[in-house]
Amino acid sequence: MSSPQHGAYKPRTKKPKATRSVSFSLPALPFPLASFLHPLRSASSQWLVLPVLLMVSILFRWAVGLGPYSGMAAPPMHGDFEAQRHWMEVTTNLPAKEWYWHDLEWWGLDYPPLTAYHSWLLGVIGGVINPDWFVLFASRGLDDVALKTFMRATVLASEFLIYVPAVVIFVRAFGRQADLSKYDKGVALAAILMQPALMIIDHGHFQYNSVMLGLTLLAVDCFITEHIYWGSFFFVLSISFKQMALYYAPIIFAYLLGLCVHPNTNIPRLVLLGATVIVSFGLVFAPLVVFGGKEQIAQCLFRVFPFARGLWEDKVANFWCAANILIKFRERFDSGMLQKASLIATFVAILPPCSILFFNPQKRLLPLGLAACAWGFFMFSFQVHEKSVLLPLVPTTLVLAGNLDKNTVSWVSWMNNVAMFSMWPLLRRDGLQLQYTVLTLLYAWLMGTFEHLPKHWFGKLVHVGSYVSILVTHFAEAFLLKGLLQEYPDLWVVANVEISFGCFTVAWIWVLWRLWKESRKGRKKPKRE
């Protein structure tokens with residue numbers, strides 16, 4: 001009697017073990033980043049995903065921050081690091097009525113009021129730690145190691161208080177609507193947080209772009225969760241922190257206007273949205289007016305929109321700089337005509353995505369709409385900087401929160417890689433060659449760039465051709481043809497502009513095509529059976 005019982009008992013113990021071992025199979029997503037998160041795929045380990053990603057994100061950002069920054073030990077003007085420090089000096093030592101007027105030749109304040117308030121707050125905190133960091137005039141060009149640590153910490157704190165929570169909320173809300181699993185949402189979150197361009201500009205070059213981008217993303221979070229008035233408020237805050245957020249304004253306007261028109265006209269909603277925007281701007285400018293006077297508004301706007309600087313300053317991978325090889329715009333045309341040409345070209349470029357979002361105000365189209373609109377601004381607008389590529393790049397990367405197929409991943413990772421290359425002249429001047437190389441290669445490997453290419457032959461040709469061009473350019477600049485630099489000092493910068501512009505043109509078209517394709521899905525009628 002005992003042996004039959006023993007024989008019946010053994011199969012029942014082996015089968016559950018074989019079933020449990022299936023959870024350790026290889027991941028379905030075919031790139032290394034997904035493989036790293038695969039051990040956390042089980043339900044019991046899901047709570048570890050966010051803490052692990054946050055710790056890794058902090059580690060990489062702080063490691064980048066150990067390197068040099070813009071203008072480090074580079075008199076007479078130093079760089080963006082000195083600009084940000086100087087604004088803390090100005091806002092904490094002078095009354096508000098002098099903020100936008102004080103010594104404009106030395107990094108005069110040229111961002112909207114929310115940046116001034118942010119600088120004031122950080123300056124107050126820094127002044128408690130060491131008052132010498134922000135002494136008026138005497139602290140100019142200060143390269144103190146302790147100051148560098150403090151300033152790096154403020155960027156990290158600002159990002160993790162605003163941008164990172166906004167990304168987490170977006171991935172969860174957008175991924176839920178796209179029916180992504182928790183594991184897929186974790187992979188998408190990792191891909192967004194490890195985006196190299198934002199990391200190296202904010203924590204290497206030194207800026208606070210993550211605050212502006214985080215406020216915009218909070219607005220998108222509100223739109224996705226149908227809190228459109230709060231979304232309008234956060235977007236006003238984004239514009240009030242950095243005027244570059246205006247790259248997103250037309251698409252946000254088209255989306256909200258579409259909600260007021262489709263499927264039925266909703267006048268009360270339109271009025272409330274307008275009132276929200278007006279009140280929000282009023283709240284932002286109120287302290288500046290109360291403590292500085294009404295004339296501060298005109299001076300602030302004059303400083304924020306630098307039309308007098310010309311079509312561009314440094315070479316950047318947009319249409320104007322790329323075409324300048326054949327057409328010398330600044331020599332042949334006056335500034336007023338170039339402003340009008342830039343305005344018309346930008347309007348034509350952003351009209352398609354704005355039209356799509358107006359007639360199809362669908363939440364799932366917002367990332368692609370933001371990306372397409374921002375690409376249009378980057379390609380054709382006035383006074384574009386190389387760092388402005390962050391504005392189309394971030395919403396393009398956000399697309400991963402709704403789709404992780406191989407084709408989408410390959411295109412998004414390619415755009416991130418090319419964007420890093422487009423900023424190479426800037427990063428080289430800052431002494432960030434090591435950070436550039438490590439972050440670019442790391443992200444390319446994590447996203448499977450070296451293993452997977454787009455499905456279509458044209459995409460394969462573009463990706464392979466661009467990567468070969470980038471590698472050849474870097475190799476030639478480092479090891480060959482150095483004698484040409486004496487006769488043609490901008491040779492490699494021009495090569496960078498032409499390669500990057502060609503790639504960005506394809507990226508812009510791909511985003512537009514993808515936006516149009518996604519918008520058509522919602523219009524398809526069910527088939528008759």
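Okay, hi everyone. Just so you know, what we're looking at is a predicted model. The protein has 24 helices and 0 strands. It runs to 529 residues, and 53% of them are buried. If you take contacts between residues at least 6 apart in sequence, 77% of those join residues at least 24 apart.

Let's pick out helix 5, residues 113–129. How far apart should its ends be? With 17 residues at 1.5 Å a residue, helix 5 should span 24 Å, and its end C-alpha atoms sit 25 Å apart, so that agrees. Several of its residues are buried, including Pro 113, His 118, Leu 122 and Gly 126. And what covers them? Among the elements doing that are helix 4, helix 6, helix 10, helix 12 and helix 13.

Now, the aromatics. Searching the whole structure turns up 31 aromatic pairs. One of them is Phe 358 with Phe 359, edge-to-face, 4.9 Å centre to centre with 75 degrees between the planes. Then there's Phe 380 with Trp 508: the ring centres are 5.7 Å apart and the planes are at 70 degrees, which is over 60, so this pair is edge-to-face as well. That pair links distant parts of the chain, since Phe 380 is in helix 17 and Trp 508 is in helix 24, 128 residues apart. Both Phe 380 and Trp 508 are buried. They also belong to a cluster linked by ring pairs, together with Phe 319, Trp 320, Phe 329, Phe 333 and Phe 501.

Technical notes
Residues are numbered from 1 along each chain as its sequence is written. This is a predicted model: local features need pLDDT of at least 70, side-chain atom pairs count only at pLDDT 80 or more; totals for chains, interfaces and linings use all residues. Side-chain values use heavy atoms; hydrogens and water are left out. Helices (H or I, at least four residues) and strands (E, at least two) are DSSP runs, numbered from the N terminus. The expected span of a helix is 1.5 Å times one less than its number of residues. Buried means under 20% relative accessible area, exposed over 50%, partly exposed in between (1.4 Å probe, protein chains only). Contact means heavy atoms within 4.5 Å. Rings of Phe, Tyr and Trp (its six-membered ring) pair if their centres lie within 6.5 Å; planes under 30 degrees apart count as stacked, over 60 as edge-to-face and the rest as tilted.
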